[in-house]
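The sequence and structure come first.

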Amino acid sequence: MGTEAGYVALAGPTASGKTAAALAIARMRPVEIVSVDSALVYRGMDIGTAKPSLAERAEVPHHLIDIRDPREPYSAAAFVADARRLVGEIRARGRLPLLVGGTMLYFKALADGIDAMPAADPDVRSRLEAEAAAQGWPAMHARLAQVDASTAARLAPNDSQRIQRALEVWLTSGRPLSSFHAAQGVGGLPPIALLSLEPTDRAWLHQRIAERFDAMLAAGLLDEVMALRARGDLDPDLPSMRSVGYRQAWQALDGAWPLAALRERGIAATRQLAKRQITWLRSMPARQVVPAEAPDAIARILAEVGGIA
């Protein structure tokens with residue numbers, strides 16, 4: 001195997017079985033896994049991110065896990081730089097880079113390249129926050145839909161952080177956020193193959209999501225969030241703390257709703273995340289879809305990877 005740029009991408013919505021498929025690939029051929037997940041980068045966030053276990057990470061090398069403190073930012077541009085470097089290093093070691101995860105923006109940014117987006121503008125951000133306080137985030141979402149319909153379609157009406165950023169980009173550049181993501185930026189690195197685990201049975205995925213969230217609660221998700229809160233230097237507006245599960249647990253601990261409602265809220269938010277991930281995937285026509293609930297799903301994935309030189 002040469003050192004030419006090339007990697008296999010394994011994508012899919014949350015709870016679709018990506019980790020099991022990735023480990024099966026690793027048992028078939030020499031690979032190193034590069035995480036494509038905006039939450040796995042954070043240290044101390046293990047339970048709510050379904051982070052691969054230490055045993056799984058010992059079985060096959062993993063990258064881009066535990067590389068940031070929850071206070072530190074991590075962007076699509078940072079991911080592209082890290083992933084490009086890692087793909088080259090892994091190929092140079094004679095192994096196949098296997099990029100696995102559900103942060104679809106990262107996959108798209110790496111494959112297509114990404115334009116340099118405008119830097120944050122504190123004045124514009126403050127003005128948007130004031131307007132949202134008066135009108136509510138659903139109204140801001142409707143405003144975003146008028147200037148950037150494709151971005152608005154991917155965001156929930158209460159996704160304040162992303163709505164604010166999309167409006168900020170529009171106001172500071174005159175361009176919709178989606179135009180930066182769609183642009184053929186410098187340094188695009190398309191995959192050898194983009195394999196997508198996508199459920200055709202929504203009830204199957206919903207059941208998996210519920211089971212996984214129940215397992216997170218049993219494993220101590222609430223204790224994990226309490227420990228993060230006890231640090232004293234984190235707040236619910238940080239991207240790390242806005243991750244699904246953490247946001248709902250933080251709000252419950254703040255008294256926004258009873259702790260008994262955390263399970264229902266967390267499962268609902270995870271379902272919404274999965275829906276957005278599937279929308280992203282459907283915008284990637286080059287992907288090879290494998291039904292996630294198929295009994296032979298992993299065998300199909302292995303067959304696809306086995307055919308790659």
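## The sheet

This is a predicted model. Its open sheet has 6 strands in the order β3-β2-β4-β1-β5-β6. The pairing is parallel.

Strands β3 (62–63) and β6 (288–291) stand at the edges. Each has a single partner strand, so one side of each is left without a neighbour in the sheet. L197 is placed opposite V290 of β6.

## A helix across the sheet

## Helices α11 and α12

Helix α11 (residues 221–230) packs with helix α12 (residues 246–253). Their axes are 10 Å apart, at an angle of about 75 degrees. The two helices are therefore roughly perpendicular to each other.

From α11, the contact uses L221, L222, E224, V225, M226, L228 and R229. From α12, Y246, A249, W250 and L253 take part. By class, this contact has 9 nonpolar residues, 2 charged and no polar.

## Helices α5 and α6

Helix α5 (residues 122–135) packs with helix α6 (residues 137–147) at about 120 degrees. Their axes are 7 Å apart. The pair is therefore oblique.

L128, E131, A132 and Q135 of α5 meet W137, A139, M140 and R143 of α6. This contact has 5 nonpolar, 1 polar and 2 charged residues.

Note on methods. Residues are numbered from 1 along each chain as its sequence is written. This is a predicted model: local features need pLDDT of at least 70, side-chain atom pairs count only at pLDDT 80 or more; totals for chains, interfaces and linings use all residues. Side-chain values use heavy atoms; hydrogens and water are left out. Two strands pair if DSSP finds at least two bridges between them. Helices (H or I, at least four residues) and strands (E, at least two) are DSSP runs, numbered from the N terminus. Axes are lines fitted to C-alpha atoms, for helices over the stretch in contact, and angles run from 0 to 180 degrees between N-to-C directions. Angles under 35 degrees count as roughly parallel, over 145 as roughly antiparallel, 65 to 115 as roughly perpendicular and the rest as oblique. Contact means heavy atoms within 4.5 Å. Ala, Val, Leu, Ile, Met, Phe, Trp, Tyr, Cys and Pro count as nonpolar, Asp, Glu, Lys and Arg as charged, and the others, Gly among them, as polar.
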